[in-house]
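I opened the notebook to record what I looked up in this structure. The entries follow the order in which I checked things.

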Amino acid sequence: MPEPTRGLLDTSVVIDHDLVDHEHLPDESAISAVTLAELAAGPHATSDEDERARRQDRLQWAAATWDPLPFDAEAARAYGRVFAAVKASGRSARSRFADLQVAATAAANGLPLYTRNPGDFAGLETILQVEAV
């Protein structure tokens, strides 16, 4: 029997979880505390009441489903490598702060990053495995 796959889900995958083909997701998944922070901000970023309710539901579901991995000292050190790699690729690292923190969390924990937006992580191939879903 093959070894179960493990991975960190990017915020985009958590948001679109009901739309994603689950055969493309790892057997064991985690999220970053940064993703939980992005989801917590989501309901406050819209004035549409129905959308706010959907975002609140998604936040509550994610919080009940995963115990998020922290952005800790190891992730902070990995963030330096992630930042440098993005900058070396000619892209702006500052404009994608949360994405790069999520990537750093994946790198610090030795996990591939599953995302709906692989272009957001271009230039990081030597630091972590990015899986498009």
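**Entry 1: aromatic pairs.** I started with a definition: two rings of Phe, Tyr or Trp count as a pair if their centres lie within 6.5 Å. Planes under 30 degrees apart are called stacked, those over 60 edge-to-face, and the rest tilted. The model I am looking at is predicted. With that rule, I found four aromatic pairs in the structure.

I looked up Trp61 and Trp66. Their ring centres are 5.1 Å apart and their planes stand at 85 degrees, so I wrote this pair down as edge-to-face. Are the two residues buried or exposed? Trp61 has 30% relative accessibility, so I noted this residue as partly exposed. Trp66 has a relative accessible area of 10%, so Trp66 is buried.

Next I took Tyr79 and Phe83. Here the ring centres are 6.1 Å apart and the planes are at 45 degrees, so the pair is tilted. Both residues belong to helix 4, which covers residues 73–88. They are four residues apart there, which means a separation of about one helical turn. Tyr79 is buried because its relative accessibility is 14%, and the cut-off for buried is under 20%.

I also noted a cluster. Ring pairs link Phe71, Tyr79, Phe83 and Phe97.

**Entry 2: the chain as a whole.** I listed the elements of the chain and got five helices and four strands. Read from the N terminus, their order is β-α-β-α-α-α-α-β-β.

Does the overall size agree or disagree with a compact globule? For 133 residues, such a globule would have a radius of gyration near 14 Å; the chain has 15 Å, so I recorded that the value agrees. The C-alpha atoms fill a box of roughly 45 × 40 × 25 Å along the principal axes.

Of the 133 residues, 38% are buried. Among contacts with a separation of 6 or more, 59% are between residues 24 or more positions apart. The accessible surface is about 7,400 Å², and carbon and sulfur atoms hold 50% of that area.

For charges, I noted 12 positive and 21 negative ones in the chain. Their mean positions are 9 Å apart.

Entry 3: I picked Asp99, which sits in helix 5, residues 97–108. Asp99 has 8% relative accessibility and therefore counts as buried. What does Asp99 contact, leaving aside its neighbours within four places in sequence? I wrote down Asp10, Asp120 and Phe121.

Ala103 is in helix 5 too. Its relative accessibility is 0%, so Ala103 is buried. With neighbours within four places again left aside, Ala103 has contacts with Val82, Leu113, Phe121, Leu124 and Leu128. I also checked Ala103 against Ala122: they are 19 residues apart along the chain, and their C-alpha atoms are separated by 11 Å.

**Entry 4: a loop residue.** Where does Thr126 lie? I found Thr126 in the loop between strand 3 (113–115) and strand 4 (130–132). Thr126 has 78% relative accessibility, so I marked this residue as exposed. From Thr126 to Gly80 the sequence separation is 46 residues, and the C-alpha to C-alpha distance is 14 Å.

Note on methods. Residues numbered from 1 in each chain as written. Predicted model: local features only at pLDDT ≥ 70, side-chain atom pairs only at ≥ 80, totals over all residues. Heavy atoms only, no water. Helix = DSSP H or I, 4+ residues; strand = E, 2+ residues; numbered from the N terminus. Rg over C-alpha atoms; globule rule 2.2 N^0.38 Å. Buried < 20%, exposed > 50% of the residue type's maximum accessible area, 1.4 Å probe, protein only. Contact = heavy atoms within 4.5 Å. Areas by Shrake-Rupley, 256 points an atom, 1.4 Å probe, with all protein chains shown as cover. Lys, Arg positive; Asp, Glu negative; His and termini not counted. Charge placed at Lys NZ, Arg CZ, Asp CG, Glu CD. Phe/Tyr/Trp six-rings, centres within 6.5 Å; stacked < 30°, edge-to-face > 60°.
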